Amino acid sequence: MTTTCVIREVSRHVGEEVRMGCWLHNKRSSGKIQFLQLRDGTGFIQGVVVKSEVQEEVWEAAKSLTQESSLYVTGTVREEPRSKSGFEMTVTNVEIIQITENYPITPKEHGVDFLMDHRHLWLRAPKQHAILTIRGEIIRAVQQFFDEKGFTLVDPPILTPSSCEGTTELFHTKYFEEDAFLTQSGQLYMEAAAMALGKVYSFGPTFRAEKSKTRRHLIEFWMIEPEMAFVDHEQNLKVQEQFVSHIVQSVLKNCRPELETLGRDTSKLEKCVAPFPRITYDEAIKFLQEQGYDIPWGEDFGAPHETAIAEKYETPVFITHYPTNIKAFYMKPDPNRPEVVLCADMIAPEGYGEIIGGSQRIDDPALMEERFKEHELSPEAYQWYMDLRKYGTVPHSGFGLGLERTVAWICGLDHVRETIPFPRLLYRLYP
């Protein structure tokens, strides 16, 4: 009896005959044996066709297969220690669906622009398959963490009437007769949700009209943004380090083959266990100046500064208590030192930069009104946000994790463009 299965499940069918739909990733021949590298979206497996053991038409069908041809293959699963997956398939039948001609991405080297122009096909490559599988695992781990901690998933709007952080890096559009913008963060709306539900998180796309071409920036990216009522700065940091530790350990547990495909040094990830080290902004400035960086107190950190700090640590590190003047209007000043705020950036190791920004939020209505005036924010546009302080204000905190930077760090990638299925970059909107 033949069983229908997928490559990911072949370990359950050793010694059995199975049938699966797949594509030919690659092929090589050794006289009277053909080795078919097959993929089906769940994994890769080698199918071995022996001329003396199959009918002539099966041999010829296998011989006619070209890269990315689609087929149904039938055969017996067997253990093979030399295989990456630990299994191989002795092929008994090949049913061709389509023979592909002139597949553009060949095994030779291609330039980045060519591969990005063919991103819809490049996704099929083993490395890209591994990255997106790990991205999927990270998303699963995110949801598992917050579900188990009693958070409620809430979806903030993508179209908004105003900026979240008072910046000008917004995509403008028309909302009938009104001006509207693509969201750069769901945070303000999540604060409203936290006042209703206690602990909430959002997970969705955000947009920055930032003309940046660095390896860390995308125009469209995904953010995970929790907000928590009755949670202070210290408690917020503990949630963040437990959260990131959970994500990394989940990937290590469930995506070992994919990390191996990427050549990732997993020993570095294995050290990512909470708690994480912390330094203040003051300490970071002093360290950087001692290292020869010309950076005065009150200036924000760039990528070289974050990398220099991160190199001191084997795990992510928090930089806390940034100057009030360089942080967002809603961050709560330190009661003991108002020139700094109760905030932290989490810097990933190995030069991957900031992956989390978070803070305790201002809960005093009078202080929030002051901030509105200082930042020249429209009281009308933000009246609903002020209402959160007017009707039952409480201490509350939150943070935002950038999914793509996190994927880049865990996968050990040079650029975020490979961390999302179809990246939107400064000069790229296709495909």
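1. Let's start with a term: a nonpolar core is a set of buried Ala, Val, Leu, Ile, Met, Phe, Trp, Tyr and Cys residues joined through side-chain atoms within 4.5 Å. "Buried" here means under 20% relative accessible area, "exposed" means over 50%, and "partly exposed" is in between (1.4 Å probe, protein chains only). With that in hand, the largest nonpolar core has 56 residues, and Phe-243, Val-244 and Trp-409 have the most contacts inside it.

2. Before going on, a word on what you're looking at. This is a predicted model, where local features need pLDDT of at least 70 and side-chain atom pairs count only at pLDDT 80 or more, while totals for chains, interfaces and linings use all residues. Residues are numbered from 1 along each chain as its sequence is written, and side-chain values use heavy atoms, with hydrogens and water left out.

3. Have a look at Phe-243. Leaving aside residues up to four places away in sequence, Phe-243 touches Val-142, Phe-145, Phe-146, Ile-224, Phe-399 and Leu-401 (a contact means heavy atoms within 4.5 Å). Apart from this core lies another one, of 32 residues, including Ile-309, Ala-310 and Met-386.

4. Next, helix 5, residues 187-197. Helices (H or I, at least four residues) and strands (E, at least two) are DSSP runs, numbered from the N terminus. Which residues of helix 5 are buried? They are Gln-187, Leu-188, Met-190, Glu-191, Ala-193 and Ala-194. These buried residues pack against strand 11 (199-207), strand 12 (220-229), helix 12 (383-390) and strand 19 (396-402). Gly-198 follows helix 5, and its phi is positive, near 90°.

5. Strand 14 (residues 317-320) is covered on both faces. Val-317 and Ile-319 sit on one side, Phe-318 and Thr-320 on the other, and all are buried. As for neighbours, two strands pair if DSSP finds at least two bridges between them. Strand 14 runs parallel to strand 13 (residues 278-280), with three bridges joining them, and Thr-280 stands opposite Thr-320. With strand 17 (residues 343-348) the pairing of strand 14 is antiparallel, over four bridges; there, Val-317 has Ile-347 as its bridge partner.

6. Ala-274 and Pro-275 are joined by a cis peptide bond, with omega about 5°, and Pro-275 is in the loop between helix 8 (266-270) and strand 13. A cis peptide bond also joins Tyr-430 and Pro-431, with omega about -5°; Pro-431 lies in the segment after helix 13 (403-411).

7. Two residues other than glycine have positive phi: Glu-68, near 70°, and Asn-102, near 55°. Are they buried or exposed? Glu-68 counts as buried because its relative accessibility is 4%, whereas Asn-102 counts as exposed, at 73%. Glu-68 belongs to the loop between helix 1 (56-64) and strand 5 (70-79), and Asn-102 to the loop between strand 6 (87-98) and helix 2 (112-117).

8. Finally, the charges. A search of the whole structure finds 24 salt bridges (a side-chain nitrogen of Lys or Arg within 4 Å of a carboxyl oxygen of Asp or Glu). One of them joins Asp-117 and Arg-428, whose closest N and O atoms are 2.9 Å apart. That pair links distant parts of the chain, 311 residues apart: Asp-117 is in helix 2 and Arg-428 in the segment after helix 13. Asp-117 is partly exposed, at 33% relative accessible area, while Arg-428 counts as buried, at 14%.
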